[in-house]
Amino acid sequence: MACITIFNPSPTAVPLHHSRGNPKMSLPSTDPLTTAGRFLWGRSLPPQPLITAVRTTWSTVWHLMMRQLAPSSSTGSYSRPAGSFPSIDLALYPPTASLHLYAALSCPWAHRTLIVRAIKSLEPFLPVSIAAPGPDGPWEFPSSSVHAGDLVPGPDRANGRRTLRDVYGMRRGGYDGRSTVPMLWDVDKRDVACNESYEIIKFLNSWQRNADNNDIDLYPSQLQKEIEEWNRIIYPSVNNGVYRCGFAQSQEAYDEAVNALFDTLDTLESHLGTNRYLCGDVLTLADVCLFTTLIRFDLVYYVLFKCTKKKLVEYPNLHSYTRDIYQIPKVAETCNFEAIMDGYFRTLFPLNPGGIRPALPSACKPDVLSKPHGRDSVCSNGKGFELKQKSNVT
């Protein structure tokens with residue numbers, strides 16, 4: 001296809017597009033912004049003073065929004081705020097306790113809790129309300145008249161509130177902090193039990209509500225030291241590391257974060273060459289924490305957070321490890337890729353002002369993630385999670 005200009009009685013030449021000999025004249029744009037721009041500058045670029053003014057204004061506003069969205073240090077490095085309810089006492093919540101989980105499908109921290117809830121078969125005992133990002137970012141509960149399962153955004157099933165902030169505000173004394181997911185709600189006390197994801201999944205693993213799955217232990221005593229060591233490695237460089245890349249407010253901060261991220265991914269790739277899971281042949285909470293970042297890597301972080309040194313699919317061991325966990329029964333049902341992409345590309349305005357969501361990468365499609373992973377041959381006993389946990393989870 002070639003584009004030429006032809007004579008036109010009006011002062012402005014109109015482009016003519018030829019396609020196999022069929023000329024098609026393009027009509028003048030009716031977009032008011034385009035019309036205004038051409039009235040001011042014709043078909044040339046905007047003048048340099050305007051570009052400079054807009055660049056300066058946008059940079060100032062961007063930094064202002066980012067400081068609120070992603071608090072940073074003096075060097076521009078993202079510093080994740082601590083949760084307001086960081087711990088939970090198992091002794092205060094016996095198996096008969098009435099609890100409710102607030103989560104979101106796009107959030108990797110909330111995703112951890114949904115996976116442990118599923119693997120431990122706690123669905124009948126721990127109801128969940130799924131929030132979705134509102135137009136301006138805060139978590140909201142969309143009204144829905146169609147019951148499509150509990151892992152879809154819908155009404156607040158515990159308190160009937162419209163936003164997550166409203167739920168937090170119900171606690172005695174009120175609340176003026178960040179309203180984050182996941183959040184474990186004490187139904188009887190009408191108070192927040194915990195909103196720190198790692199503490200919640202440790203609690204759910206130990207909460208003996210379902211006697212049928214007491215033999216599934218994702219935090220066994222003999223591996224707790226190793227699990228905690230992996231968490232100390234993975235959390236700052238990978239789980240939070242992708243956010244430190246995406247929310248960096250200086251080149252120095254980004255360079256430091258992206259190098260630490262990929263150094264750690266290289267270490268994990270090597271380790272998983274001889275170990276089915278992080279702690280050998282047993283799936284643990286450390287794997288759950290790593291998985292929720294890896295499943296979003298090529299989908300979101302590679303593009304939006306500028307984690308561009310390598311894609312996950314370029315790491316053979318990490319990619320097969322991700323597929324292995326994805327194929328554990330009920331885990332795939334917690335992975336909603338449309339919601340994940342919407343929650344980042346259409347919500348994080350400072351990082352994607354146009355709100356355009358890219359196409360789903362082919363390597364992230366469910367049929368690709370469901371292909372044989374071959375991880376069975378990596379573990380020492382050839383059985384892995386199924387043998388160790390004495391369950392039907394494979």
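1. A search of the whole structure finds 18 aromatic pairs, where rings of Phe, Tyr and Trp (its six-membered ring) pair if their centres lie within 6.5 Å, with planes under 30 degrees apart counted as stacked, over 60 as edge-to-face and the rest as tilted. One of them joins Phe262 and Phe297, an edge-to-face pair with 6.1 Å centre to centre and 85° between the planes. This pair links distant parts of the chain, since Phe262 belongs to helix α8 (residues 251–271) and Phe297 to helix α10 (residues 297–304), 35 residues apart; helices (H or I, at least four residues) and strands (E, at least two) are DSSP runs, numbered from the N terminus.

2. On the basis of the coordinates, this is a predicted model, in which local features need pLDDT of at least 70 and side-chain atom pairs count only at pLDDT 80 or more, whereas totals for chains, interfaces and linings use all residues. Residues are numbered from 1 along each chain as its sequence is written, and side-chain values use heavy atoms, with hydrogens and water left out.

3. Lys310 lies over the face of Tyr315, at 4.0 Å from the ring centre.

4. The count of salt bridges comes to 11, a salt bridge being a side-chain nitrogen of Lys or Arg within 4 Å of a carboxyl oxygen of Asp or Glu. Arg162 and Glu140 meet in one of them, at 3.9 Å from N to O. Arg162 lies in the loop between β6 (139–140) and α4 (164–168) and Glu140 in strand β6, so the pair ties together parts that are 22 residues apart in sequence. Arg162 is exposed, with a relative accessible area of 54%, whereas Glu140 is partly exposed at 25%.

5. Which residues are linked with Arg357 in a network of salt bridges? The network holds Glu338, Asp342 and Arg346 together with Arg357. The side chains of Glu338 and Arg357 meet at 2.7 Å, N to O, and this pair links distant parts of the chain, with Glu338 in helix α12 (residues 337–345) and Arg357 in the loop between α12 and α13 (366–369), 19 residues apart. The salt bridge of Asp342 and Arg357 is at 2.9 Å, N to O; Asp342 lies in helix α12 and Arg357 in that loop, so the pair ties together parts that are 15 residues apart in sequence. Glu338 is partly exposed at 42%, as are Asp342 at 26% and Arg357 at 25%.

6. Arg171 is placed in the loop between α4 and β7 (183–186) and counts as buried at 19% relative accessibility. Its side chain is joined to that of Asp191 by a polar contact of 2.8 Å, that is, a pair of N or O atoms within 3.5 Å, of which, within protein, one must be able to donate a hydrogen and the other to accept it, while residues adjacent in sequence count only if both atoms are side-chain atoms. Not counting residues up to four places away in sequence, Arg171 touches Phe85, Trp185, Arg190, Asp191 and Val192, where contact means heavy atoms within 4.5 Å.

Technical notes:
Lys NZ or Arg CZ within 6 Å of the ring centre and 35° of its normal. Buried < 20%, exposed > 50% of the residue type's maximum accessible area, 1.4 Å probe, protein only.
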